[in-house]
Amino acid sequence: MTPPSQVQRGFSHMLQSIDTPAKTCRKRGCPVSRKKGQTQEKHQRYDIHFKSKKTKKAKNTVLLGSDTSTKNSDSQNVEQLVKNVVLQLGKLDCSAEKFVSLLQHTS
């Protein structure tokens with residue numbers, strides 16, 4: 001009986017004599033390639049888009065419903081806020097009176 005190390009040493013010779021079970025490769029023909037003198041088309045170039053810089057958060061924000069605010073309300077700011085609210089209510093197809101009544105019923 002032969003030891004495993006001798007079997008391992010002789011295994012490569014045995015595989016060479018058995019050969020491989022795989023079939024030999026068959027040539028499938030010549031692939032279509034560029035003809036002599038033919039030029040390649042250049043690929044389309046795209047613009048470079050850089051990330052935008054992050055904007056700093058405003059320090060003078062007024063939190064609705066909070067007693068502390070960092071900025072006193074200005075009459076122009078209040079008017080602008082009212083215009084924005086009315087505009088958004090118009091987009092939602094809701095009247096100002098209906099909105100006020102909804103606010104009163106929820107509190």
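Helix H1 has 15 residues and reaches 20 Å from its first C-alpha to its last, close to the 21 Å expected at 1.5 Å a residue. The expected span of a helix is 1.5 Å times one less than its number of residues. This is a predicted model, in which local features need pLDDT of at least 70, side-chain atom pairs count only at pLDDT 80 or more, and totals for chains, interfaces and linings use all residues. Residues are numbered from 1 along each chain as its sequence is written, and side-chain values use heavy atoms, with hydrogens and water left out.

Reader: What pattern does the protein follow along the sequence?
Author: Helices (H or I, at least four residues) and strands (E, at least two) are DSSP runs, numbered from the N terminus. The protein has three helices and zero strands. Read along the sequence, that gives α-α-α.

Reader: Which element has the lowest mean pLDDT?
Author: pLDDT is the predictor's confidence in each residue, from 0 to 100. The protein has a mean of 80, with 82% of its residues at 70 or more. Among the elements, H1 (residues 4-18) has the highest mean, 86, and the lowest, 82, belongs to H3.

Reader: How far apart are the end C-alpha atoms of H2?
Author: H2 covers residues 75-91, which is 17 residues. At 1.5 Å a residue they should span 24 Å, and this agrees with the distance between the end C-alpha atoms, 25 Å.

Reader: Is aspartate 93 buried or exposed?
Author: This residue sits in the loop between H2 and H3, and its phi is positive, near 60 degrees, in a residue other than glycine. Buried means under 20% relative accessible area, exposed over 50%, and partly exposed in between (1.4 Å probe, protein chains only). With a relative accessible area of 70%, aspartate 93 is exposed.

Reader: Which helix supplies the largest share of the nonpolar patch?
Author: A patch takes residues with over 30% relative accessible area and no salt bridge, joining like charges within 9 Å and nonpolar side chains (Val, Leu, Ile, Met, Phe, Trp, Tyr) within 5 Å; a salt bridge is a side-chain nitrogen of Lys or Arg within 4 Å of a carboxyl oxygen of Asp or Glu. The nonpolar patch here is formed by Leu81, Val85, Phe99, Val100 and Leu103. H2 and H3 (96-106) each supply at least two residues. The largest share, three residues, comes from H3.

How values were computed:
Accessible areas come from the Shrake-Rupley method with a 1.4 Å probe; for residues, only the protein chains shown count as cover.
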